[in-house]
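Dear colleague,

Please find below the structure that I am handing over to you. My notes on its pockets and its ligand follow.

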Amino acid sequence: MHITGATALVTGANRGLGRAFVRALHERGVKKVYAAVRNPAAVVDDTAVRLDLTDPASIEEAARVAGDVDLLINNAGNATGAHLLTGDLADVRLEMETHYFGTLNVVRAFAPVLARNGGGAVLNVLSARSWVTALGSDGYSAAKAAEWSMTNALRLALAEQGTLVTALHVGYMDTDMVKHLDAPKSDPAVVAATALDGIAAGAFEVLADEVSRGAKKALAADLTVLYPSLSAARAS
Ligand SMILES: NC(=O)c1ccc[n+]([C@@H]2O[C@H](COP(=O)([O-])OP(=O)(O)OC[C@H]3O[C@@H](n4cnc5c(N)ncnc54)[C@H](OP(=O)(O)O)[C@@H]3O)[C@@H](O)[C@H]2O)c1
């Protein structure tokens with residue numbers, strides 16, 4: 001997939017990693033960026049499109065308006081911090097509606113657009129949390145795990161029309177989503193550049209940092225490697 005000259009649509013383009021994607025796309029000479037956001041008034045330099053992942057009609061309308069897209073970046077997401085066992089089920093549902101059903105609706109709406117425009121590419125922004133959960137972000141992890149499986153299925157389905165589907169996995173990034181956390185964080189600009197390099201190279205998967213590379217490797221090990229507290233639970 002050639003990034004230079006592409007027409008891209010980025011969801012959640014107004015801040016965080018989405019904004020970093022928009023900048024990186026312009027640096028690489030794209031023809032046009034549709035900034036797909038909940039509040040179009042917040043977009044100044046690009047073509048604003050209203051898109052709320054929890055509003056299927058807005059997704060349909062975005063696909064109608066942005067009919068020249070050949071690079072779809074599914075970046076928008078939320079994190080409520082809901083616990084699966086005790087948290088508000090409305091928050092658990094919202095994360096699933098956003099990351100899973102919302103992103104799925106976007107791909108379903110844009111698949112014919114991408115087919116008409118030569119196949120193109122889809123990038124789904126996943127997480128190291130697709131592979132390793134933690135209490136405190138377990139509702140989020142479950143939604144990201146579902147989005148990972150969905151991404152794998154859509155890659156198979158869209159191969160027929162020549163659409164590349166790339167999954168981006170990353171640990172913490174320095175954005176609003178985790179501003180309350182005191183932990184090492186990647187620079188979203190570096191993550192966006194790494195992801196675009198992956199798309200340009202035709203990669204199915206981009207592991208943008210050591211955390212995501214370590215999480216993937218640990219999946220093959222005993223579960224106590226990913227979850228050391230289980231060793232104590234087993235011993236007691
Ligand atoms: N930050 C991290 O540590 C981290 C790590 C791994 C993966 N990720 C993933 O990276 C992606 C970007 O997150 P970020 O860190 O940039 O977060 P962020 O700074 O909180 O930005 C989230 C973006 O998603 C948009 N959004 C939220 N709910 C939406 C909805 N229902 N419809 C449309 N847009 C919606 C927000 O729009 P508003 O401005 O309107 O709220 C905002 O533009 C997400 O998929 C996230 O899960 C983040």
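Predicted model: local features only at pLDDT ≥ 70, side-chain atom pairs only at ≥ 80, totals over all residues.

Which helix supplies the largest share of the lining of the second largest pocket? It is helix 1, with four residues. Helices (H or I, at least four residues) and strands (E, at least two) are DSSP runs, numbered from the N terminus.

Residues are numbered from 1 along each chain as its sequence is written, and side-chain values use heavy atoms, with hydrogens and water left out.

The second largest pocket has a volume of about 230 Å³. A pocket is an open set of points on a 1 Å grid over the protein atoms alone, where a 1.4 Å probe fits, with protein on both sides within 12 Å along at least five of seven lines; lining residues have an atom within 4 Å of a point. A volume is the space filled by probe spheres set on the points, which are joined across faces, edges and corners. Among the lining residues of this pocket are R19, V22, R23 and H26. By class, the lining has six nonpolar, two polar and four charged residues. Here Ala, Val, Leu, Ile, Met, Phe, Trp, Tyr, Cys and Pro count as nonpolar, Asp, Glu, Lys and Arg as charged, and the others, including Gly, as polar.

The largest pocket has a volume of about 1,100 Å³. Of its 45 lining residues, G77, N78, A79, Y140 and M177 are the closest to its centre. Helix 1, strand 2 (32–37), helix 3 (89–116) and helix 4 each give at least two residues to this lining.

The ligand takes up the space of the largest pocket; a molecule sits in a pocket if more than half of its atoms lie within 2 Å of the grid points. Around the ligand are 27 residues, each with a heavy atom within 4 Å of it. This shell comprises 12 nonpolar, 10 polar and five charged residues.

A side-chain N or O atom of R38 is 2.7 Å from an oxygen atom of the ligand. A polar backbone atom of L53 is 2.8 Å from a ligand nitrogen atom. A backbone N or O atom of G77 lies 3.3 Å from a ligand oxygen atom.

Yours sincerely

How values were computed: Polar contact = N/O pair within 3.5 Å; in protein donor to acceptor, adjacent residues only side chain to side chain.
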